[in-house]
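The following exercises are intended for a reader who is new to this structure. Each consists of a task and a solution in steps.

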Amino acid sequence: MSLIDGLRYRVAALLHRARHARELEREMQAHLELDAAQRQHAARGSLSHRDAWLAARRRFGNVTYLNEEARRMSALEWLDTIERDVRLTARSMRRTPGFTLVIILTLALGIGANASIYSLIDAVLARKLPVRNPDALVIVGDPASVDSREHGTPNGALFSYPLYADVRDHARAFNGLAAVGDAGRIDAQIAETSAEPEHPQARLVSGNYFSVLGVRAAMGRTFDASADAPDAPAQATISYDYWTRRFNKDPATIGRGVLIDGIRVTITGVAAPGFTGEIVGQPTDLWLPVELNDRLHPNVPILRDRRMMWLLLIGRPTHGLTIDQARAQTTPLIRSAILAAAAPDELADIKDRGGVTVTFASGARGLSSLRETFRAPLVALMLGVAVLLCIVCVNVANVLIARGLARRREISMRLALGASHGRVVRQLLTESMVLALSSGAVALLVAWWGSRMLVRMALEGDASSFTVSPNAHVIVFTVALAVASALLFGLAPALRASRIDLATALRAAGRSVTHDARFATPLIVGQVALSLLLLVGASILTRSLRKTESAPLGFDRDHLIVADLDIATPGYRTERLASVVHALHDRVASLPGVAAVSYSQNGIFMGTEWHTDVSVAGQVVRTPRDTVSAADKVGAGYARAIGARVISGRDFGAQDEGVAPHTALVNRSFAQFYFHGADPVGQLARFDDSSVVRIVGEIADVRGQSLDTTTTPDAARRIYIPFLITSGTTKFPQPTELRLLVRTSGDPGATVQSVRRVIGETDRAIVIDYLAPVPQLIRYSIRDERLVARLATALGALALVLAAIGLFGVMSYSVGRRTSEIGVRAALGAGRADVIRLVLRDGLRPVVAGLTIGLPLSIIAVRVLAHHLNDISSDPASIAIAVAVLLAAAVAAVLIPARRAARIDPIRALREE
C-alpha cells in the first residue's frame with residue numbers, strides 16, 4: 001500500500017468510525033470462526049464447537065484490546081483523540097451553559113477589541129494597494145501630502161506639472177512615472193433632470209496612471225497617455241463601486257457624457273473591482289486627466305505654473321533598481337530641473353534651506369494623510385487592548401483554577417483508572433481551546449461592529465470616506481489570538497489541576513486543601529498591576545485632553561462661526577470679489593444675534609496655513625528659519641470679529657483694502673522676536689518679493705489652527721495683511737479661498753442656519769463647502785486625541801470591572817474553602833470585626849503588591865506615550881486618582897465576601913467539617 005493510499009485509508013477510518021468498527025468486528029469474527037472450524041476439522045469430530053471456539057479465542061487474544069490496537073493503527077490516532085476530547089468538551093459545556101456563556105463572552109470581548117484595533121491598523125497602516133505587484137511601486141514626494149497645494153519655491157515634497165513632465169521624460173530610473181493631484185470639490189451633473197449637482201470624490205491623474213499601477217478596466221477602457229495632450233477630448237474613468245452605486249452597473253454608462261464643472265466629459269471605462277484609488281481611507285469615484293485642470297478651473301490656472309506645487313509622483317523603477325538606487329539616479333535630475341527654472345528669489349531661498357531635498361517612499365501602501373495622524377494613537381490603543389486581553393485571560397484562568405479544584409475527584413478518578421498526567425493536561429487544554437475558538441468566532445462579530453464604531457469615532461461621525469472590511473489578515477489574526485489566549489489562560493490551570501495527590505483526593509471532597517486557592521494570588525497581583533496601567537493611562541489622557549480643550553486660544557471660540565466658501569469656481573476677482581465680500585459682510589452682520597463679522601483666507605481651525613519670508617530693519621539672521629513667519633490675509637475688523645485683544649495700535653479698517661498691500665498686523669510673538677518687546681506699531685516689514693508694509697497694530701497671539709502647544713517658534717509668529725488687495729505680484733495673488741468669520745452674542749449653533757440662508761440669498765453661485773461653529777471644528781482637529789482618550793477610558797473602566805470581579809471571585813472561593821477555619825476562630829472568641837479584618841487583610845495583600853508593581857510600570861508607559869502623543873506628561877494627580885479608584889474597587893470587591901465570612905455560624909461550620 002502506497003503512502004497516499006495508507007493516508008486515505010486512515011482518514012476514511014476516522015471519518016466513518018462506526019462502519020469501520022463494524023467491518024473490523026466482522027473481520028475478527030471471521031478469523032475466529034475459521035480458526036474454530038479448522039480445529040474441529042483437525043480433531044475429526046472429537047472437539048465440540050464450543051471448545052473449538054474457546055481455543056480459537058485463547059489463541060487470538062483479548063478481542064477488545066486488539067480492536068483498540070487495530071483502530072489505533074488504522075486511523076490517525078491524534079486526530080481521533082482530539083475529536084473525542086472535543087466531543088467530551090461539548091458535553092461538558094452543555095452541562096454548564098452559564099459558565100460556558102460567561103467565559104465565551106468575556107474572551108470574545110478581549111479578543112474582539114484586539115481584532116477591532118487590528119482591523120484599523122491593517123486598513124490604515126499595513127494594507128497594500130490592490131494593483132499589480134504593489135511592492136515595486138515608489139512614491140516621489142511626501143505620501144502624507146494627499147490634498148496639499150503650495151505656492152512658492154519648489155521643495156521636493158510636491159511637484160508642479162511642468163516639473164513632472166521634465167522628470168517623466170528624462171528619468172531613466174523609472175519604466176513609468178504617473179502624477180496624481182487633488183481635484184478639489186467638483187460639481188457633477190449626472191442626470192439631465194437633477195436640480196442640484198452631485199459631488200463625487202475625484203482625482204486628477206496623468207494619462208499613464210492606470211498603466212503604471214497595472215489596473216485593468218472592468219468595462220470599456222481606462223484613459224491612456226493620449227489624454228495628456230492639450231487638445232485631447234475630455235474623458236473620465238469611474239470606479240467599480242461608483243458604477244455600482246450610482247449607475248446600477250448599467251453597460252450603457254460607457255460612452256455616456258456628464259457635465260463636470262460645466263465641461264462635458266465622456267466616461268470611457270470602469271476600473272477593476274476592488275480598486276478605489278491610491279489614497280488610503282479616501283475612495284475615489286472618478287479619475288480625470290490632469291490636463292483638464294485649467295479647463296475645469298479657468299479662473300485659477302495652475303497647470304503651467306512652476307511655482308504651484310500640487311502633484312505627487314508614483315512609478316515603477318526600472319527592473320532591478322531599489323528605492324535608494326532610484327533616488328540616487330532621479331534626485332540630481334529633479335534638482336537640476338528646479339534650479340534651471342528658478343527665479344533669483346527662489347535660488348536664494350533654496351540656498352538658505354541647504355538645497356533641494358526630494359522625498360522618496362515605498363508605494364506599496366499608497367498615499368495617506370491618515371497614516372501619520374493615527375499611527376501613534378492606533379499603536380497606543382493596540383497596546384491598551386493587549387493589556388485588556390491579558391486581564392481577561394487572568395480572570396478566565398482564575399475561574400478555570402476554581403473549576404479545576406471543584407473537579408478534583410473527577411480528575412483523580414481519571415488518573416486512578418490509568419490516564420497519564422499528560423493526557424489529563426491535553427484534555428483540559430482542549431477545553432480551553434474550544435472555549436477560545438468559540439470566543440474567536442464571536443470576536444469576529446465584535447471586530448466587525450467595533451471597527452466601524454471606531455471609524456465613526458475617529459472621523460467624528462463621518463465614516464463615509466473610510467471603509468474597513470474584514471479580510472483574511474483579520475481572520476488569521478483573530479484565530480491566532482484565540483489560540484494564544486487558550487494557551488495563556490488554559491495552560492497554568494491545566495497543569496495545576498493535573499498535579500493531584502490521589503490518596504488525599506480520593507479520601508475527601510477536597511475541602512482540606514485550602515492552600516490550592518493561593519495559586520490564584522500571583523494572578524491577582526498581575527491583574528491589579530495591568531489594571532492600574534490602563535487606569536493611569538485613561539486618567540492622564542482624559543485630564544490632558546480636558547486641559548488641552550480648555551487652554552486659552554487668544555480669541556472667543558465659544559461664540560464664533562466659520563463658513564468656508566468657494567470663490568474660485570464662480571471666478572470672483574478684484575472689484576467683483578470685493579463687491580461680493582462686502583455684500584456678504586453686510587447681510588450677515590444684520591442678522592439678529594450677530595455681534596461682528598470679518599473674513600480671512602485661512603480661517604479658524606480650517607486646516608490651512610501659509611508661511612512666508614519676512615524681515616525687518618536691523619534684524620540679525622542666525623538661521624534660515626529666523627525669516628519665516630506664519631501669515632494670513634484678513635478683512636476689516638478681524639480682531640474684533642474673532643474676539644482677539646488689540647495690544648497696541650489699531651485693527652484693520654476699510655482704508656486698508658482695495659490697494660496694494662501697505663499695512664499689516666502682527667501678533668505678540670512676532671513683535672517679541674523681531675522687535676524684542678518694543679512697540680512694533682509704525683515699523684516696516686519687508687517680504688521676500690521686496691513688498692514693504694507698515695505695521696499698524698499688534699494683537700495677542702491667536703492659536704487658530706491647532707491646539708498643539710509644541711509648535712515651532714516660526715509657526716507662532718504671525719503677520720496679517722488685508723484680504724481685499726490689488727496686486728500683480730506672485731507673493732500676494734488674489735485669494736482663492738474665503739472663510740467668513742461670524743461672532744455671535746449667544747449660542748452659535750442657533751445662528752448657523754440663518755447664516756447659511758443669508759449666504760445663499762446673497763449669491764447663489766457661492767457654494768458653502770463647510771459651515772460650523774468653531775467648537776465643532778476644534779473637536780474635529782483633535783479627533784485622534786479624543787479617540788485615544790475615550791477608548792482609554794473605556795478600557796480602564798473594563799479593566800477596573802474585570803479586576804473587581806476577579807478579586808471578588810477569588811475571595812468568595814477562599815472564604816468558602818475557609819469556612820471551618822473561620823468557624824473555629826469564631827468559636828474561640830473572634831468577633832465579626834476580627835473576621836472582616838482577617839479577610840480584608842488577606843484580600844488586599846495581593847492588591848497592594850499589584851499596585852507596587854503597577855505604579856512604576858504606569859509611569860514608564862506614560863513617558864513612552866509622551867514621545868508619541870502631544871501634551872502628555874506624568875501627572876501626579878491623575879496617578880493618584882487611578883490608584884484611589886482601583887483601591888476603592890478592590891476594597892468593595894473584598895468587603896462583600898468579608899461580611900459574608902463574618903456571618904458564618906461556628907456550630908454549623910464545625911458540624912459540616
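**Exercise 1. Confidence**

Determine where pLDDT stays under 50 and how many contacts beyond four places in sequence the model has there.

Solution. Residues 509–517 are the stretch over which pLDDT stays under 50. For these residues the model has 16 contacts beyond four places in sequence. Where pLDDT is low, predicted coordinates should not be read in detail. The model is a predicted one; its chain has a mean pLDDT of 82, and 86% of the residues reach 70 or more.

**Exercise 2. A salt bridge and its network**

Identify the salt-bridge partner of arginine 185 and state where each residue lies.

Solution. Step one: the partner is aspartate 769, with 2.6 Å between the closest N and O atoms. Step two: arginine 185 is in the loop between β3 (174–182) and β4 (188–189), while aspartate 769 belongs to strand β24 (residues 767–773). The two are 584 residues apart, so the pair links distant parts of the chain. Step three: arginine 185 has a relative accessible area of 21% and is partly exposed; aspartate 769, at 35%, is also partly exposed. Step four: salt bridges with shared partners join Arg185, Asp187, Asp566 and Asp769 into one network. The structure holds 26 salt bridges.

**Exercise 3. Buried or partly exposed?**

Decide whether arginine 668 and glutamate 698, which form a salt bridge, are each buried or partly exposed.

Solution. Step one: the closest N and O atoms of the pair are 2.9 Å apart. Step two: arginine 668 is in helix α21 (residues 668–675) and glutamate 698 in strand β21 (residues 692–699), 30 residues apart. Step three: buried means under 20% relative accessible area. Arginine 668 has 31% and is therefore partly exposed, whereas glutamate 698 has 3% and is therefore buried.

**Exercise 4. The nonpolar cores**

Name the residues with the most contacts inside the largest nonpolar core.

Solution. Step one: this core has 49 residues, and those with the most contacts inside it are Val140, Phe174, Ile238, Ile260, Leu288, Trp310 and Ile334. Step two: a second, separate core has 45 residues, including Val124, Leu481, Phe489 and Leu802. Step three: leaving aside neighbours within four places in sequence, leucine 288 is in contact with several residues, among them Leu204, Val205, Phe223 and Ile260.

**Exercise 5. Aromatic pairs**

Classify the ring pairs that phenylalanine 210 forms with tyrosine 209 and with tryptophan 287.

Solution. Step one: planes over 60 degrees apart count as edge-to-face. Step two: the rings of tyrosine 209 and phenylalanine 210 lie 5.0 Å apart, centre to centre, with 85° between their planes, and the pair is edge-to-face. Step three: for phenylalanine 210 and tryptophan 287 the centres are 5.5 Å apart and the planes stand at 80°, so this pair is edge-to-face. Step four: phenylalanine 210 lies in helix α8 (residues 209–213) and tryptophan 287 in strand β10 (residues 286–289), 77 residues apart. Both of these residues are buried. Step five: ring pairs link Tyr209, Phe210, Phe223, Phe275 and Trp287 into a cluster.

**Exercise 6. One face of a helix**

Which residues of helix α26 are buried, and why do they line one face?

Solution. Step one: in α26 (residues 819–827) the buried residues are Thr819, Ser820, Ile822 and Gly823. Step two: viewed down the axis of α26, they fall within an arc of 160°, and therefore line one face of the helix. Step three: just after α26, glycine 829 takes a positive phi of about 115°.

Conventions. Residues are numbered from 1 along each chain as its sequence is written. This is a predicted model: local features need pLDDT of at least 70, side-chain atom pairs count only at pLDDT 80 or more; totals for chains, interfaces and linings use all residues. Side-chain values use heavy atoms; hydrogens and water are left out. A salt bridge is a side-chain nitrogen of Lys or Arg within 4 Å of a carboxyl oxygen of Asp or Glu. Helices (H or I, at least four residues) and strands (E, at least two) are DSSP runs, numbered from the N terminus. Buried means under 20% relative accessible area, exposed over 50%, partly exposed in between (1.4 Å probe, protein chains only). pLDDT is the predictor's confidence in each residue, from 0 to 100. Contact means heavy atoms within 4.5 Å. A nonpolar core is a set of buried Ala, Val, Leu, Ile, Met, Phe, Trp, Tyr and Cys residues joined through side-chain atoms within 4.5 Å. The arc is that of the directions from the helix axis to the C-beta atoms. Rings of Phe, Tyr and Trp (its six-membered ring) pair if their centres lie within 6.5 Å; planes under 30 degrees apart count as stacked, over 60 as edge-to-face and the rest as tilted.
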